[in-house]
Amino acid sequence: MPLRRGELAKRTGCNIETIRYYERIGLLPDPPRSDNGFRSYEERHLTRLTFIRRSRELGFTLEEVQDLLRLVDGGHYTCAQVQELALRHADEIQRKINDLHRMQRALKEMAAQCSGEDVPTCPIVEILSETS
């Protein structure tokens, strides 16, 4: 049974504006229109939008989602190809985690220089304001 955009949004947990955006950039194919002019989303739209939403929840960029969909759409993908994209993404996540740990350490080091008292100067502000 065909779905309207609002129903598709509800079933996938995806915002209506996001669905429009995905259609505009070509991630989600344009649905056919019913006799009354409404978009009629089919099961394939539901499946694809679910795939996109779950990929985005895992932190895949839109470009990475497009890469995954190109493989799927071509129908000639291998598990090894999908695995390579997933592992590359996992490596990027690890790099971000490492960067976040470095930022956390830097912030703690700055905070350790601060007395935390009610004084008009603060070493954190001074460190963040240094020009050299």
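Trainee: How many salt bridges does the structure hold?

Mentor: Good place to begin! A salt bridge here is a side-chain nitrogen of Lys or Arg within 4 Å of a carboxyl oxygen of Asp or Glu. This is a predicted model, where local features need pLDDT of at least 70 and side-chain atom pairs count only at pLDDT 80 or more, while totals for chains, interfaces and linings use all residues. Residues are numbered from 1 along each chain as its sequence is written, and side-chain values use heavy atoms, leaving out hydrogens and water. The number of salt bridges is 10.

Trainee: Which helix holds both aspartate 99 and arginine 102?

Mentor: Their side chains meet in a salt bridge, 2.1 Å from N to O. Helices are DSSP runs (H or I, at least four residues), numbered from the N terminus. The two residues are three apart in the helix, so about one helical turn separates them. The helix is α5, residues 79-112.

Trainee: Which residues do salt bridges with shared partners join into one network?

Mentor: Side chains of opposite charge can pair when their charged atoms come close. Here, shared partners link the salt bridges into one network. Its members are Arg5, Glu23 and Arg39.
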